[in-house]
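This report describes the fold of one protein chain for a reader who is new to protein structure. Please keep the sequence and the model in view while reading.

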Amino acid sequence: MSSRSNGGTARLRAFAAILLTIFLLPLSASGADLVFTASIRFLRPEFLTVRLADGRVISARLPKSPALSAAAISTHYKIADQVEITFQAHFKLLG
């Protein structure tokens, strides 16, 4: 009976470890940047729109820095060029 009980306990611990990993994994990855490889679809002064290989379309607001302005991007890339884009999360604490 004790071997059967130990087997059940081991399975329960393994199941608990898996659940804990599933719930904690998103918390550990929440600060990670998102990186996409896509083709440029639209370029406007305020935003950039790209199409991923799977067909999804992503629009992102361009930062106000001159190096990443629409004018700077258009000197290096044209519509349909493949680019790698990194989205960075910026959080501001209120208080």
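A residue is called buried when its relative accessible area is under 20%, exposed when the value is over 50%, and partly exposed in between, with a 1.4 Å probe and protein chains only. The model is predicted, so local features need pLDDT of at least 70 and side-chain atom pairs count only at pLDDT 80 or more, while totals for chains, interfaces and linings use all residues. Residues are numbered from 1 along each chain as its sequence is written, and side-chain values use heavy atoms, with hydrogens and water left out.

**Overall plan**

The chain contains two helices and four strands. Here helices (H or I, at least four residues) and strands (E, at least two) are DSSP runs, numbered from the N terminus. Read from the N terminus, the elements follow the order α-β-β-β-α-β. Of the 95 residues in the chain, 18% are buried. A contact means heavy atoms within 4.5 Å. Among contacts between residues at least 6 apart in sequence, 48% join residues at least 24 apart.

**The sheet**

Two strands are said to pair if DSSP finds at least two bridges between them. Four strands form an open sheet in the order β3-β2-β1-β4, and their pairing is antiparallel. Strands β3 (57-61) and β4 stand at the edges with a single partner strand each, so one side of each has no neighbour in the sheet. From one strand to the next, the twist averages 50 degrees. For such angles, axes are lines fitted to C-alpha atoms (for helices over the stretch in contact), and angles run from 0 to 180 degrees between N-to-C directions.

Strand β1 (residues 34-43) and strand β2 (residues 47-52) run antiparallel and are joined by five bridges. A hairpin of three residues links β1 to β2. Within this pairing, Leu-43 stands opposite Leu-48 of β2, and Ile-40 has Val-50 in β2 as its bridge partner.

Strands β2 and β3 also run antiparallel, joined by five bridges. The hairpin formed by β2 and β3 has four residues between the strands, and Gly-55 in the turn has a positive phi of about 100 degrees.

**Individual residues**

| Residue | Relative accessible area | Class |
|---|---|---|
| Thr-49 | 3% | buried |
| Ile-58 | 19% | buried |
| Ala-80 | 53% | exposed |
| Lys-64 | 85% | exposed |

Which residues are in contact with Thr-49, leaving aside its neighbours within four places in sequence? Thr-49 is found in strand β2, and its contacts are Ser-39, Ile-40, Arg-41, Phe-42, Val-57, Ile-58 and Ser-59.

Ile-58 belongs to strand β3. With neighbours within four places in sequence again left aside, Ile-58 is in contact with Phe-36, Leu-48, Thr-49, Val-50, Leu-52 and Phe-87. Ile-58 and Ala-38 are 20 residues apart in sequence, and their C-alpha atoms are 9.1 Å apart in space.

Two of the residues in the table lie in loops. Lys-64 is in the loop between β3 and α2. The C-alpha atoms of Lys-64 and Pro-45 are separated by 9.9 Å, and the two residues are 19 apart along the chain. Ala-80 lies in the loop between α2 (70-76) and β4 (82-87). The phi of Ala-80 is near 80 degrees, which is a positive value in a residue other than glycine.

**The largest pocket**

Rolling a probe the size of a water molecule over the atoms shows where empty space is left. On a 1 Å grid over the protein atoms alone, a pocket is an open set of points, where a 1.4 Å probe fits, with protein on both sides within 12 Å along at least five of seven lines; lining residues have an atom within 4 Å of a point. Grid points are joined across faces, edges and corners, and a volume is the space filled by probe spheres set on the points.

How much space lies in the largest pocket? The volume is about 670 Å³. The lining of the largest pocket consists of 22 residues, and Leu-62, Pro-63, Leu-68, Ile-85 and Thr-86 lie nearest its centre. The elements that give two or more residues to this lining are β2, β3, α2 and β4. Of the elements, β4 gives the most, with five residues.

By type, the lining of the largest pocket divides into 15 nonpolar, five polar and two charged residues. In this count Ala, Val, Leu, Ile, Met, Phe, Trp, Tyr, Cys and Pro are nonpolar, Asp, Glu, Lys and Arg are charged, and the others, Gly among them, are polar.
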